[in-house]
Amino acid sequence: MTPPDFDPYQFFVLASSLVEQQNAPEEVLRTAISRAYYSAFLTARDKLFGLDEGALKTVRKTIERQMSKRNFARGSHNLIIFVVKQQNSTLGNQLGQLRDHRVIADYKRGEQAVTDATGFFKIDGINYGAG
């Protein structure tokens, strides 16, 4: 018997529980931001293209041409954000913002990446579970 597939929503559950910790240190909040992004990214990717990587491969070049025409940076994460924006610009923008926060949380040292962790779970007034 095969184990059930991992549900990316569990990353969000983890992220929410990390943010709710009282006086959580910066590394915990940075981890929460990263997990929240990957929850959203993987959910979007799977909803758009299913769990079969072949579906994405068959349309990748077509989508990348469309991205190029609109001066949209290439890359697997940008591809998913681009497709989401085509279907729902608000949601696509939110996913892009969350990705930007994730990049700061994962790579930017010396920058105050985490000032109010619940703010990273609340984009354009939509509450993503924390706070």
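## Second largest pocket

In this predicted model, the second largest pocket has a lining made up of R45, D46, F49, G50, L51, D52, E53, L56, K57 and R60. Two elements each give two or more residues to that lining: α2 (26-49) and α3 (53-69). Helix α3 gives the most, with four residues.

The space in the second largest pocket comes to about 180 Å³. Sorted by class, its lining holds six charged residues, three nonpolar and one polar. Rolling a probe the size of a water molecule over the atoms is what shows where such empty space is left.

## Aromatic rings

The whole structure contains six aromatic pairs. One aromatic cluster is formed by Y37, Y38 and F41. For any pair of aromatic rings, the description rests on the distance of the centres and the angle of the planes.

F11 takes part in a contact with a charge. The charged end of R35 sits over the ring of F11. It lies 4.6 Å from the centre of that ring.

## S39 in helix α2

Helix α2 also holds S39. Is S39 buried or exposed? S39 counts as buried because its relative accessibility is 5%, and buried means under 20%.

One of its polar atoms lies 3.0 Å from the backbone oxygen of P8. S39 is thus a buried residue with a side-chain polar atom placed 3.0 Å from P8's backbone oxygen.

Note on methods
Residues are numbered from 1 along each chain as its sequence is written. This is a predicted model: local features need pLDDT of at least 70, side-chain atom pairs count only at pLDDT 80 or more; totals for chains, interfaces and linings use all residues. Side-chain values use heavy atoms; hydrogens and water are left out. On a 1 Å grid over the protein atoms alone, a cavity is a set of points where a 1.4 Å probe fits but cannot get out, and a pocket is an open set with protein on both sides within 12 Å along at least five of seven lines; lining residues have an atom within 4 Å of a point. Grid points are joined across faces, edges and corners, and a volume is the space filled by probe spheres set on the points. Ala, Val, Leu, Ile, Met, Phe, Trp, Tyr, Cys and Pro count as nonpolar, Asp, Glu, Lys and Arg as charged, and the others, Gly among them, as polar. Rings of Phe, Tyr and Trp (its six-membered ring) pair if their centres lie within 6.5 Å; planes under 30 degrees apart count as stacked, over 60 as edge-to-face and the rest as tilted. A charge sits over a ring if NZ of Lys or CZ of Arg is within 6 Å of the ring centre and within 35 degrees of the ring normal. Buried means under 20% relative accessible area, exposed over 50%, partly exposed in between (1.4 Å probe, protein chains only). A polar contact is a pair of N or O atoms within 3.5 Å; within protein, one must be able to donate a hydrogen and the other to accept it, and residues adjacent in sequence count only if both atoms are side-chain atoms.
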